2 protein chains.
Amino acid sequence: LYDKPCGRFAESDFCRMNEQLALPGSKLFYRDVRLGLLGGGQLGRMILRSALDLNVHVRVLDPDPNAPCARFADEFTVGDFRNFDTVLAFGQGCDVLTIEIEDVNVEALQVLAQQGVQVFPSAEAISTIQDKGLQKRWLAQRGFPTAAFEWVADTTDLHALFGPGPFGEAPEWHFPSVLKLRRGGFDGRGVQLLRSENDLQLAWDAPCILEQKVDIVRELAVVVARNTYGETASYPTVEMEFNPEANLVEFLFSPSSLSPELEAQAQQLARSVAEQLNLVGTLAVELFLTTSGQLLVNELAPRVHNSGHHTLGASHTSQFEQHLRAVLGLPLGSTGLKLPAVMVNVLGAPGHSGPVVYRGIEEVLRLPGLRVHLYGKTETRPFRKMGHLTVLAATLAEAKAIARQAQQLLRVEAD
Amino acid sequence: LYDKPCGRFAESDFCRMNEQLALPGSKLFYRDVRLGLLGGGQLGRMILRSALDLNVHVRVLDPDPNAPCARFADEFTVGDFRNFDTVLAFGQGCDVLTIEIEDVNVEALQVLAQQGVQVFPSAEAISTIQDKGLQKRWLAQRGFPTAAFEWVADTTDLHALFGPGPFGEAPEWHFPSVLKLRRGGFDGRGVQLLRSENDLQLAWDAPCILEQKVDIVRELAVVVARNTYGETASYPTVEMEFNPEANLVEFLFSPSSLSPELEAQAQQLARSVAEQLNLVGTLAVELFLTTSGQLLVNELAPRVHNSGHHTLGASHTSQFEQHLRAVLGLPLGSTGLKLPAVMVNVLGAPGHSGPVVYRGIEEVLRLPGLRVHLYGKTETRPFRKMGHLTVLAATLAEAKAIARQAQQLLRVEAD
């Protein structure tokens, strides 16, 4: 692949990109390439850490002047990445433009790409993913396994699907089903389980997708990176551990408990999605394993992702450095795990809003093989992502035990 | 130790420090503690990365407005850390003050400590180490094994030691010996091997120590951290690999090839030096293994150190995070290695000065298990430290082979 960097996309932007950036004597590594980043949250903050190592100059756009990236970017611009004019003006000062959030103005990205700014991932890939309706249709059309679904424009559509047909036909859809907002859902918001007729009153009167509720035994994710040469590298599958009592995700761990066959299938699926999207950058592919043993694609995110946080420390190359390598026309790094890893999100405690205090953190810092990553947010809110912990150990069982201890010790409360 | 944090030093500053910072409801972790850092080079830059994870607010003082820390510190002050008034003014705005270089104004640190600023390591520890004459005397007085030495004030003293005594006694010192400047030596500068009478003309006419040249089989280093509670944690010994042809250090690796007995002895030695110095922070203890199988202390550095760079990625807790934990009154983290590691310094090529270009870096980035850390310096000079590489692999032999490949591929030249 490296010998023929432009072979596969000879006529595409990828080729031009690499002529410009990756040849010997390039401007990379000594701060002359300006990388623009839309979004200045914790994901951006972790990208900035990696940018340090590669001497990459990063400009960040975020509406919040106190965003996690605000103090650490080479340049920080306060502005709305959803606004056409703002993104256009910001992007025109950049050589390469990328994202840490998918909810950005894609029309501006299209114009910028036409103007010669290297935009990764492409506006097409982002717009396909940022609308869950388009995303599901794209997956289904390409033959990727995914739960059956239907587009609904509003609650009228929704009621019609659960009611009898115009000629008295039996209803097409049955409870339970899952309703998802096509746009703007995030961190579990915008998803509603419809268990019965009664739950229809919880439905949004907005464009949604109605999804078949599948019986699953595991929730999984694969993070895959793809660079401007079309080279892909995927990380070992991550699995979510649920607390059986609370039915909540307790933590994520890797390697997963998948059989070697299913692991290979998950990796192949993720790489294939990235390739068919022609994606340059990082892609998180969330998967379900059904009770019948089938892997289904649940959702995509065209960026570094929570399910890859453990790669910071656990993997030879973190997803954050990998993303930079991918969009800057560099070879991808090793994705192997150094040791089994568990990742725990540090979430704001329910009922607490205000200046944050991390109770029990000293005790947590004493746990072996544990690292704390805080995101620099001064205010906590219920379930707000304030940081994460990673535990590495010789065995996964050991890492899980330490992660459970940490969860019991740490409470993110308002002062 | 944790149950009685103040037990051992009940009347000391350590106790007050922790009452102030480490108790529940402390100001740590949400950016209300201002940590001052004297020196803004690459060591500081890697400390800043770790400060991000713990939400620590860092102010940096360095004379160079383009120092590696300049863009990434919360606050960056241009000024000379060797100047009394500058350090005093800078330190008065800090809750805790630490260093990334030992050549700082210790008189100002003494005054600041009296004024209630928490200064770690102490002015006493820094001043003992920054003068190699005092450092050697301190080691010898405490009974630490170290090569025989003598203080010399100038070249007159030096000639006297190699000449006959006033009553015709045989000379006290013989060639070969090693002459070291007491102050200001760095990275091999300030050290002169005296092979014969002829080499005396290379001697500095300044305060030096004359050291016995010992026959050594290995050069080693142990990095140890000690926190405000007096808890110590040391990293597995690092060994230097020499190129037999060029007789130059090729790279550092860990774990070392020491026998378990010698490894334990090296660890004990390093911890004991840190304890007897009453040091809070990080200490690098450079060691020789002599042909007779004895470990000698060569030199001390009261700070994070080049021989601990592999800990960033190879260890559960990097030396940089460990240093922060130590000076901020936090528990120390695990020092175990995730995998065998090799560290290679990325040095400016001889004969090249000017804007830097990293030739071959794309090929280096393709090597498995390898990470590149550049320091953000725009200009290269012969042998200037521009960055470092770390290689992790399942076996040390594999990591060494990859490191050798990297060294052959990478050339740091002027554009």
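The model on screen is predicted, and every value below is computed from it.

**Stop 1**

Now select B:T155, B:L158, B:L161 and B:F162, the buried residues of helix α7, which runs over residues 155-162 of chain B. Why do they lie on the same side of α7(B)? Their arc around the axis is only 120 degrees, which puts them on one side of the helix.

Then go to the start of the helix and select B:D154. A side-chain oxygen of B:D154 comes within 3.2 Å of the backbone nitrogen of B:T156.

**Stop 2: the interface as a whole**

Colour the model by chain. In chain A, 47 residues are in contact with 47 residues of chain B. The two chains bury about 4,800 Å² between them, and carbon and sulfur atoms give 53% of that area. Polar contacts across this interface number 23 residue pairs. On the side of chain A that touches chain B, at least two residues each come from α2, α10 (319-327), β17 (354-359), α11 (361-365) and β18 (370-374). Of these, β18(A) gives the most, with five residues. By type, the residues on this side of chain A divide into 24 nonpolar, nine polar and 14 charged.

**Stop 3**

The whole structure holds 44 salt bridges, and eight is the count between chain A and chain B. Select B:D53 and A:R49, whose side chains meet in one at 2.8 Å, N to O. This pair crosses between chains: B:D53 sits in helix α2 (residues 42-53) of chain B, and A:R49 in helix α2 (residues 42-53) of chain A.

Are these two residues buried or exposed? B:D53 is buried, at 3% relative accessible area, and A:R49 is buried too, at 5%.

Next select B:R371 and A:D53, a salt bridge with its closest N and O atoms 3.0 Å apart.

**Stop 3: the loops between β2 and β3**

Select A:R71 and B:D74, where the side chains form a salt bridge of 3.2 Å, N to O. A:R71 is in the loop between β2 (57-62) and β3 (75-78) of chain A, and B:D74 is in the loop between β2 (57-62) and β3 (75-78) of chain B. A:R71 counts as partly exposed, with 41% relative accessibility, whereas B:D74 is buried at 15%.

Then select A:D74 and B:R71, a salt bridge with 3.3 Å between the closest N and O atoms. A:D74 lies in the loop between β2 and β3 of chain A and B:R71 in the loop between β2 and β3 of chain B, so this pair joins two chains. Here A:D74 is buried, with a relative accessible area of 15%, and B:R71 is partly exposed, at 42%.

**Last stop: a network**

Select A:R49, A:R371, B:D53, B:E321 and B:R325 together; salt bridges that share partners join them into one network.

Notes:
Residues are numbered from 1 along each chain as its sequence is written. Chains are lettered from A and ligands numbered from 1 in the order in which they are written. This is a predicted model: local features need pLDDT of at least 70, side-chain atom pairs count only at pLDDT 80 or more; totals for chains, interfaces and linings use all residues. Side-chain values use heavy atoms; hydrogens and water are left out. Buried means under 20% relative accessible area, exposed over 50%, partly exposed in between (1.4 Å probe, protein chains only). Helices (H or I, at least four residues) and strands (E, at least two) are DSSP runs, numbered from the N terminus. The arc is that of the directions from the helix axis to the C-beta atoms. A polar contact is a pair of N or O atoms within 3.5 Å; within protein, one must be able to donate a hydrogen and the other to accept it, and residues adjacent in sequence count only if both atoms are side-chain atoms. A salt bridge is a side-chain nitrogen of Lys or Arg within 4 Å of a carboxyl oxygen of Asp or Glu. Contact means heavy atoms within 4.5 Å. Buried area is the accessible area (1.4 Å probe) that two parts lose on being put together, summed over both. Ala, Val, Leu, Ile, Met, Phe, Trp, Tyr, Cys and Pro count as nonpolar, Asp, Glu, Lys and Arg as charged, and the others, Gly among them, as polar.
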